[in-house]
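This report walks through a single structure for a reader who is meeting it here. Please look over the sequence and the model before reading on.

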Amino acid sequence: MKLIFLGPPGAGKGTLAAKGVEICHIPHISTGALFRSAIAIMNPLGSKVKAVIEEGRLVDDETTILLVKERLAQKDAQSGYILDGFPRTLFQAKALAAFSAVDKVLNLEISDAAALERLSGRRVCRKCGANFHITFNKPKHEHRCDVCGGELFIRKDDREAAIRERLEVYREQTLPLIEYYRNQGLLVDIDGQGLVDTVVTNFKKALEIC
Ligand code: ADP
Ligand code: ADP
Ligand code: ZN
């Protein structure tokens, strides 16, 4: 199953993708996470994208498409994948169509107010990338990851100014993808505002696996 998770920042794409990995046994490929790993080790990709990401703008299409093309060529992605955070522009969507055919596009919907509340309370594990929330998905220990014990940190782009910029960028550049995929009959809308378990149930229904 080749899936795309679409939705504004904070919609719950990463959280649902982590569940989707267990349900569907396919890899979770997050362009944001790939960029953050590159930034953590400050390789050439990391130093190229650091400032752009921290300000909440998009990395250029050429760099992003190449990254995804290389990742999708790996063995574990041959029978399926969850693409989280890619494509984010029409140009990226058209490029993807030339090297991989997707089965479904899940569009997670939430309000701006909910996105702001979620992102400002998000905590991410420095070691394994797991997501937590200080109110909605509390880690057992305030600064430690439940999964691997790694340190939890606040993403630089989860500060209010960068969040507002990202929501604006989403509206301008990513929103047109909803119609693009709807016209191809691939889009399934999912209400992202419920509890994580409810969102997971809706996800299974969308894939007709429960
Ligand atoms: P995205 O990948 O779309 O940016 P995340 O999965 O990182 O979103 O979720 C953003 C924040 O909201 C995280 O702190 C996460 O723990 C929390 N979250 C995710 N899904 C839900 C939900 N259904 N209800 C409440 N909080 C959620
Ligand atoms: P979010 O939680 O906002 O959905 P991600 O972790 O998916 O964030 O992405 C973080 C940042 O990485 C984005 O704000 C952007 O700067 C960069 N990025 C991720 N995916 C893409 C993409 N497909 N195109 C351009 N930039 C991207
Ligand atoms: Zn961890």
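## Helix 8 and what covers it

The buried residues of helix 8 are covered by elements that include strand 1, helix 5 (90-99), strand 4 (104-109), helix 7 and strand 8 (187-191), where a contact is counted when heavy atoms lie within 4.5 Å. Helices (H or I, at least four residues) and strands (E, at least two) are DSSP runs numbered from the N terminus. Helix 8 itself spans residues 176-183, and its buried residues are Leu177, Ile178, Tyr180 and Tyr181. These four lie on the same side of helix 8 because they cover an arc of only 165° around the axis, the arc being that of the directions from the helix axis to the C-beta atoms. Buried means under 20% relative accessible area, exposed means over 50%, and partly exposed lies in between, with a 1.4 Å probe and protein chains only. Just after helix 8, Gly185 takes a positive phi of about 75°.

## How the model is to be read

This is a predicted model, in which local features need pLDDT of at least 70 and side-chain atom pairs count only at pLDDT 80 or more, while totals for chains, interfaces and linings use all residues. Residues are numbered from 1 along each chain as its sequence is written, chains are lettered from A and ligands numbered from 1 in the order in which they are written, and side-chain values use heavy atoms, with hydrogens and water left out.

## Helix 6

In helix 6 (residues 112-120), the buried residues are Ala114, Ala115 and Leu119. They cover an arc of only 120° around the axis, and therefore stand on the same side of helix 6. An α-helix has 3.6 residues a turn, so residues three or four places apart point the same way. Among the elements that cover the buried residues of helix 6 are strand 5 (122-125) and helix 7.

Two strands are taken to pair if DSSP finds at least two bridges between them. Strand 5 and strand 7 pair over 2 bridges, with Phe153 as the partner of Val124 and Leu152 as the partner of Cys125.

On its other pairing, strand 5 meets strand 6 in the antiparallel sense over 3 bridges, and Val124 stands opposite Asn131 in strand 6. Strand 5 and strand 6 form a hairpin with 5 residues between them, and Gly129 in the turn has a positive phi of about 85°. Within strand 5, Arg122 and Val124 point one way and Arg123 and Cys125 the other way, and all are buried.

## The cavity

A search of the whole structure finds 1 cavity of 30 Å³ or more, a cavity being a set of points on a 1 Å grid over the protein atoms alone where a 1.4 Å probe fits but cannot get out, with lining residues having an atom within 4 Å of a point. About 70 Å³ of space lies in the largest cavity, where grid points are joined across faces, edges and corners and the volume is the space filled by probe spheres set on the points. Its lining includes Phe5, Lys13, Phe86, Pro87, Tyr170 and Thr174, and strand 1 (2-6) and helix 7 (160-174) each supply at least two of the lining residues.

Two of these lining residues, Phe86 and Pro87, are joined by a cis peptide bond with omega about 0°. Pro87 is placed in the loop between strand 3 (81-84) and helix 5.

Thr64 lies in helix 4 (residues 61-72) and is buried, with a relative accessible area of 4%. Not counting residues up to four places away in sequence, Thr64 touches Thr31, Phe35, Val59, Phe86 and Gln92.

His25 has a positive phi of about 55° although it is not a glycine; His25 lies in the loop between helix 1 (13-24) and strand 2 (28-30) and counts as exposed at 67% relative accessibility. Met42, likewise not a glycine, has a positive phi of about 50°; Met42 lies in the loop between helix 2 (31-41) and helix 3 (44-55) and is partly exposed, with a relative accessible area of 41%.

Methods. On a 1 Å grid over the protein atoms alone, a cavity is a set of points where a 1.4 Å probe fits but cannot get out, and a pocket is an open set with protein on both sides within 12 Å along at least five of seven lines; lining residues have an atom within 4 Å of a point.
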